[in-house]
Amino acid sequence: MTQSQFTRQELLRRGLAGSALLTVPGLLAACGGSGSKSAATSTGAKQQLAKTLHFSNWTLYIDVNNKTKAHPSLQEFQQKYGTHVDYVEDINDNASYFGKIQGALSRGQSIGRDIVVLTDNDRYLSLMIKKGWAEKLDKSAIPNIKNLVEVQRHPTFDPNREYSLPWQSGMTGIAYNDTLTGPVLSVTDLLENSKLKGKVTVLNSMGDALTLVMLANGDDPTKVTDKSFNAAFNRIKKAVDSKQIRQFTGNDYAPSLAKGDLAAAMSWSGDIAQIGNSHIHWSVPKDGGALWTDNMLIPKGGNVYTASVYMNYVYDPAVAGLMEAGDPKKNITGIYYIPPVIGAKQAALKLNPSVANNQLIFPSAKTLSRVHLFDSAALNNQKYLTQWQNLISG
Amino acid sequence: MTTLAVPARARARGAANVWAFVRRHVLAFYAALFFLYLLLPIGVVIVFSFNQPVGKFNYTWHEFTFDNWRYWNGVPGIQSAITLSLEIAALASVIATALGTLIALALVRYGFRGRGVTNLLIFLPLSTPEIVMGASLLTLFLNLNFVFGFWTILIAHVMFCISFAVVSVKARLIGFDRHLEEAAMDLGANEWVTFQKVTLPLIAPAILAALLLCFAVSVDDFVVTYFNSGSEVTFPLFVWGAARIGAPPQVNVIGSAIFIIALTAMLLNVAVQTRRTKGAVTE
Amino acid sequence: MKWFHRHRGLMPYVMLAPGLAFLAVFFLVPLGFLAYQSLESGNIDFGYAFTWSWGNYGSAFTDYRPEFVRSIEYAGIATILALVLSYPVAYWIAFRGGRWKNLLLLMIVAPFFVTYLIRTLAWETILSDNGVVVRILQHLHLVSPGGHVLATGTAVIAGITYNFLPFMALPLYVSLEQIDHRLIEAAEDLYASSWKAFLKVTVPLSLPGVVAGTLLTFIPAAGDFINAQLLGAPQNHMIGNVIQSKFLELTDYPAAAAMSFILMGAIIVAVAAYARAVGTEQLSGTAV
């Protein structure tokens, strides 16, 4: 019975940690650590790299070797710095991830993560910073911050980039499966073409969905008014009631689109590039699409120094180029979104020219002029949020 | 109802026999269809664990391969998820069965005041929707500043397993003979010795059954865990996340493996029981 | 030990204490916390405060009436379906199973050995728009050409029925199995028709199983959100989906707690009514 022995040891180990946690929650809250993980964050180890970096990210959001399923950039990081990256793809949408971690954070407990990634067109990124649940970056460990593209340097939620750094940007548009439908290039088609009834999905992120519909309505998504909100909201609601819209999704539209359950989907540029299915096409809708940026944050209790060193590493243009474009010779697939790192394109050109020249991944100024960032005030409007949530969950 | 003594009559009536024959076979045919329906998804799960999908999504059959089984842990996160699930299930089933067996023994062996309340407290968790249990534990843990993770999952699993353990042990103790224990005590054995030498061997199969049931319920739990896991990921939670981007065939591999192992354990259990009852009859 | 000898009356309480204490602390007390939370007001930005805000219940009920109604409706239909589907099989195993009884029972619970989510995902594959099942249904004109089964109420009900079927079949089997065969033979003599004998004797005697099976199926079905999430469209979402999203996504704890309580309350009323009718011992006795 090796099992029972193992269990006993485990029980003992967890028991010690656990009883400490149960008996002194206040103390723990005071020092902002949690059990075994607090060792890594204690002040003595400040300028020393932790053995493990705990990194929560979205699904399909890093370079991957198709054969071994390993992540080459993370392996290289380990070789270079000796820190293993515990990479978990457990973020499916901002709201439910925030819901999952806010309980611990609001009590000053660590969530056991050193880096998490949240999106700027949802309210939770700014909420994390506003509530003081993000650690300040150790900029002395991030000299490569000089490679951050100009447009990303002073966002409203973090004007001096003290807490966050972009991971990737992306565009929201429409994808369709050409075995089931002709080209779907506009929101009107997506929401009102009866041939697509029950075969389309819309994103459950309010910023994404409303930006596209407002543009189609001729309204400005960067300055939302009650009138433009209602117009866009009602247009989507009508499509729900008529059963045109099959579901609201995070990135779970991808398998359904490939499988043929969906003919078209409001979707994110990089996901479609990653699917690698020649029948699935993506474009910025006729009236324009959405632009958003996912940002790395160090949640309270995370290891600031190790996380900062990692951020510095991914802001190295050579690393950013590999992560973005992959390397067909080594069977590595990249992220295929939009990197925020100056010089990534040059690095990518050497590895994978077709990706480096792809308008979706390294978009031209013209493409970028057609995509818009959703009004951040509207993102925090409780009335809008409740209305939206009720629409998508019932 | 067994007190109603009804003499068995062997009066055969032709028409009834024909009807019985038809009914018997219609039922058997229906039962076959029913089992087909019941087992179809399981078949799909197992078949697709041997699929070599084209591209990322394991939905259409492409090519037979053993690779998914060989590299069952090739998908990042799957191994730690299944390890956590097994740890939790092992601990939760042992603790819940211990607590549940004591309750079941007390209910079967003794008459005492408060039986009704006890039965109600055992039955309530069984009749509470999982989402309410998960949500209420979440509010408890939030309000008491618990750190979400291993311990909150374990507590939750022990909580909903106890009732299963009680009911399962109790069901097998109904025919339990108090006289054997009394005889042992008359012979001078104290309570503890009696328990060790007489009671425990008698109830061992019941305990084993409860352990298996709790283990199965714990490994499978999604809802309560989803509410109380913090950033830990059990296997069902892993499947939930993976489903959004197209679950890899390795998910089917683990699913099939759990199924096969559980089925084997249960088959053994059934075989042992059958032998036992046979033995009892021939004695 | 000597002390126990002298106080044998205490023994059952000593044995009950640890388990019941655990249930009290981690089942009953949390329900208390949930009740407390359901009367709070506020939001995640500014925190929550206890204000006896009974309005949470009112607005939960008025804002989400369709979801409540749909939960009851779907769970009810699924329960009836499960009963109709599994009664003949439970009967067949109980009366004709012979030495295969245990094996057949094992087959009934077999789906439980496959992770709940995985078997629901398997249904997603089986019912896929381009799959065999949907094509056959289209040929039979049960589904319109180009129509789909996934993302409809039918798929959600079918998923719920499948997932909770063993909860129905097992108690049915237990109560059918306990029926004395001689009673049925006598009834067949009396009514001269085995069908009539079945209706007059077998069915009434199996009622405890029907009651237990109905409860055990209906309760988890009413609170389920996985089937609606994976197999349904937004129009098919149930109260579980709303509770889940209010708790874990919107972090609107008071509203979510109030909704949980309405769901719980409805179920407690139902269970209490059943408990009065059949007795708690009977209820938990037939549960497995």
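Trainee: Which residue ranges make up domain 1 and domain 2 in the domain assignment of chain A?
Mentor: This is a predicted model, in which local features need pLDDT of at least 70 and side-chain atom pairs count only at pLDDT 80 or more, while totals for chains, interfaces and linings use all residues. Residues are numbered from 1 along each chain as its sequence is written, and chains are lettered from A and ligands numbered from 1 in the order in which they are written. Domain bounds come from an automatic or database domain assignment, and for chain A that assignment gives domain 1 as 45-163 + 298-315 and domain 2 as 170-291 + 367-393.

Trainee: How many residues of domain 1 of chain A are in contact with domain 2 of chain A, and how many of domain 2?
Mentor: The centres of the two domains of chain A, taken over C-alpha atoms, are separated by 28 Å. Counting two residues as in contact if their C-beta atoms, placed from the backbone, lie within 7 Å, the numbers are 8 residues of domain 1 and 14 residues of domain 2.

Trainee: How does the side of domain 1 of chain A that touches domain 2 of chain A divide by residue class?
Mentor: The classes are nonpolar (Ala, Val, Leu, Ile, Met, Phe, Trp, Tyr, Cys and Pro), charged (Asp, Glu, Lys and Arg) and polar (the others, Gly among them). On that basis, the side of domain 1 of chain A that touches domain 2 of chain A has 1 nonpolar, 4 polar and 3 charged residues.

Trainee: Why is strand 8 of chain A described as largely enclosed by the rest of the structure?
Mentor: Helices (H or I, at least four residues) and strands (E, at least two) are DSSP runs numbered from the N terminus, and a residue is buried if 20 or more other C-beta atoms lie within 10 Å of its own, exposed if 12 or fewer, and partly exposed in between, with C-beta atoms placed from the backbone. A264(A), M266(A) and W268(A) point one way from strand 8 of chain A, A265(A) and S267(A) point the other way, and all are buried. Strand 8 of chain A, residues 264-268, is therefore largely enclosed because the buried count is 5 of the 5 residues.

Trainee: Which residue is the bridge partner of V200(A) in strand 8 of chain A?
Mentor: Two strands pair if DSSP finds at least two bridges between them, and strand 5 (residues 164-177) of chain A runs antiparallel to strand 8 of chain A, joined by 5 bridges, with T172(A) partnered by W268(A). Strand 6 (residues 200-203) of chain A runs parallel to strand 8 of chain A, joined by 2 bridges. In this second pairing, the bridge partner of V200(A) is A264(A).

Trainee: Which residue of strand 4 of chain A stands opposite F55(A)?
Mentor: In strand 1 (residues 52-58) of chain A, 5 of the 7 residues are buried. Strand 1 of chain A pairs with strand 3 (residues 84-91) of chain A in the parallel sense over 6 bridges, where L53(A) stands opposite V85(A). Strand 1 of chain A also runs parallel to strand 4 (residues 115-119) of chain A, joined by 2 bridges, and there the residue opposite F55(A) is I115(A).

Trainee: Which helix gives the largest share of the side of chain C that touches chain B?
Mentor: The contact takes 79 residues from chain C and 85 residues from chain B. The residues on the chain C side divide into 59 nonpolar, 13 polar and 7 charged. The largest share, 18 residues, comes from helix 2 (residues 11-37) of chain C.

Trainee: Are helix 10 of chain B and helix 6 of chain C roughly parallel or roughly antiparallel to each other?
Mentor: Helix 10 (residues 235-244) of chain B and helix 6 (residues 116-126) of chain C pack at about 30°, with their axes 8 Å apart; axes are lines fitted to C-alpha atoms over the stretch in contact, and angles run from 0 to 180 degrees between N-to-C directions. Angles under 35 degrees count as roughly parallel, over 145 as roughly antiparallel, 65 to 115 as roughly perpendicular and the rest as oblique. The two helices are therefore roughly parallel.

Trainee: Which helix of chain C gives the most to the side that touches chain A?
Mentor: This contact takes 22 residues from chain C and 19 residues from chain A. By class, the chain C side has 10 nonpolar, 9 polar and 3 charged residues. The most, 4 residues, comes from helix 13 of chain C.
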